[in-house]
Amino acid sequence: KFINMSTINETILKNSKGLTIKTIPFGAIITSVELPNGRQVVLGFKNLEEYRTNDPYIGCTVGRCTNRTAGAKFVIDDKEYNLSANASPNHLHGGVVGFNKVLWTQKDYTTSSITYTLNSSDGDQGYPGNLTVTAVFTVTDENEVVLEYRAVTDAPTPVNLTNHSYFNLAGEGNILNHVLTLNANKYTPANGDNIPTGEVSSVKGTPLDFLVPHSIGERYDQVSHVGYDNNYCLNRESKDGSDESLCFAARLEDASGSYTLQVYTNQPCVQLYMGGYLDGKYTGLTSQPILQYTGVCLETQKHPDAINQPNFPSTLLKPGEEYYSKTVWKFSWPQ
């Protein structure tokens, strides 16, 4: 269905300190996070029309399932479901027309919070069940951006939502000198198509270890030809990762150390992706081309391809249950 992007309005949310975010109902996208001093700390498009294609998934809500689903298929109760294979032969980030490519309905709106809802019908991109999804974005006076996703279904279906924002705390240049800490002892190794092997391995002694702070650019070329694009299993209190309380996931700071982002989540994993496939095709908010490594994603999520990995915690949502994901981005800057 063609959506006229010129009719789409950005919604502005602001706290008392002047932290400002902008969102649009198309893709439930966060188009801007601006600090009170005018620094823009996420990637976005100057022209909203660019969000129609948005190959890098900048700022958008990803669903029904983020990351890759092997072979673009899965089995529930002995029935095979075939998904749209938009990263052939696999399924990526919800398919050809995922949640990032559809118009959500704007519901409640205050100066500091917005709610979007979406009805994803049975068979949407191959997924079973009618799924009702809610996204709530809130800015608090503690300089936090809070992202909450909820979903209910009338038939069993995998659900694994995330927000795909790219951070650049310097507001310009690349993120190679950003310093990252990740609260994760383990990660899920993947094959050449970035499909998890099913193993959970220690980061110890590898360039994936961010338990102590490292600059992103220090070891990225040891990881792959596009640097980091890896799923980490967060250190949580409970053994199975089902603890619903927020835990510390990541800390990102610019080279000066005076601009920081802390990420907290109730999700078991976070995908570190450093924008290795960004190629200058799009123009950013500062009118500069969006080049490789100019933003880093910290995508909170459940285990990728869990529907096909019996030893990963399940992503299956059943009727009568509610999916609930909560992530907090806490920003600080020189006052």
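I began with strand β2, where four of the five residues are buried, so β2 is largely enclosed by the rest of the structure. I take buried as under 20% relative accessible area, exposed as over 50%, and partly exposed as in between (1.4 Å probe, protein chains only). Strands here are DSSP runs (E, at least two residues), numbered from the N terminus.

Before going on, I noted the ground rules. This is a predicted model, in which local features need pLDDT of at least 70, side-chain atom pairs count only at pLDDT 80 or more, and totals for chains, interfaces and linings use all residues. Residues are numbered from 1 along each chain as its sequence is written, and side-chain values use heavy atoms, with hydrogens and water left out.

**Entry: the sheet around β2**

I looked up the sheet that holds β2. It is an open sheet of three strands in the order β1-β2-β3, with antiparallel pairing; two strands pair if DSSP finds at least two bridges between them. The edges are β1 (11-14) and β3, each of which pairs on one side only. From one strand to the next, the twist averages 20 degrees; the axes behind such angles are lines fitted to C-alpha atoms, and angles run from 0 to 180 degrees between N-to-C directions.

I then went through the two pairings. β1 and β2 run antiparallel and are joined by four bridges, with I12 having K22 in β2 as its bridge partner. The hairpin of β1 and β2 has five residues between the strands, and G18 there takes a positive phi near 100 degrees.

I noted T20 with its bridge partner E34 in β3, and I21 with V33 in β3. The hairpin of β2 and β3 has four residues between the strands, and G27 takes a positive phi near 70 degrees.

**Entry: a six-stranded sheet**

I found another open sheet, of six strands, in the order β15-β24-β23-β20-β17-β18, with antiparallel pairing. β15 (166-167) and β18 (201-202) stand at the edges with a single partner strand each, so one side of each is left without a neighbour in the sheet. Inside the order, β17 (residues 186-187) and β20 (residues 229-233) run antiparallel and are joined by two bridges. Y187 stands opposite Y232 in β20.

**Entry: nonpolar cores**

Y232 turned up again when I looked at the cores. The largest nonpolar core has 58 residues, and those with the most contacts inside it are F137, Y232, W329 and F331. A nonpolar core is a set of buried Ala, Val, Leu, Ile, Met, Phe, Trp, Tyr and Cys residues joined through side-chain atoms within 4.5 Å. β11 gives the most to this core, with five residues. A second, separate core of 21 residues includes L48, Y51, Y273 and Y282. In soluble globular proteins, nonpolar side chains tend to be buried together.

**Entry: aromatic rings**

I counted 14 aromatic pairs in the structure. Rings of Phe, Tyr and Trp (its six-membered ring) pair if their centres lie within 6.5 Å; planes under 30 degrees apart count as stacked, over 60 as edge-to-face and the rest as tilted. F137 and Y149 make an edge-to-face pair, at 6.3 Å centre to centre and 90 degrees between the planes. F137 is in β11 (residues 131-139) and Y149 in β12 (residues 144-153), twelve residues apart. Both F137 and Y149 are buried. F45, Y51 and Y282 form one aromatic cluster.

I also looked for charges over rings, meaning NZ of Lys or CZ of Arg within 6 Å of the ring centre and within 35 degrees of the ring normal. R39 lies over the face of Y259, 3.7 Å from the ring centre. R219 lies over the face of F210, at 4.9 Å.

**Entry: salt bridges**

My search of the whole structure gave five salt bridges, each a side-chain nitrogen of Lys or Arg within 4 Å of a carboxyl oxygen of Asp or Glu.

K281 and D55 meet at 2.3 Å, N to O. K281 lies in the loop between β23 (269-273) and β24 (296-301), and D55 in the loop between β3 (29-34) and β4 (61-62), so the pair ties together parts 226 residues apart in sequence. K281 is exposed at 51% relative accessibility, and D55 is partly exposed at 45%.

E49 and R52 form another, with the closest N and O atoms 2.7 Å apart. E49 is partly exposed at 35%, as is R52 at 21%.

R251 and E253 meet at 3.0 Å, N to O. R251 is partly exposed at 27%, whereas E253 is buried at 19%.
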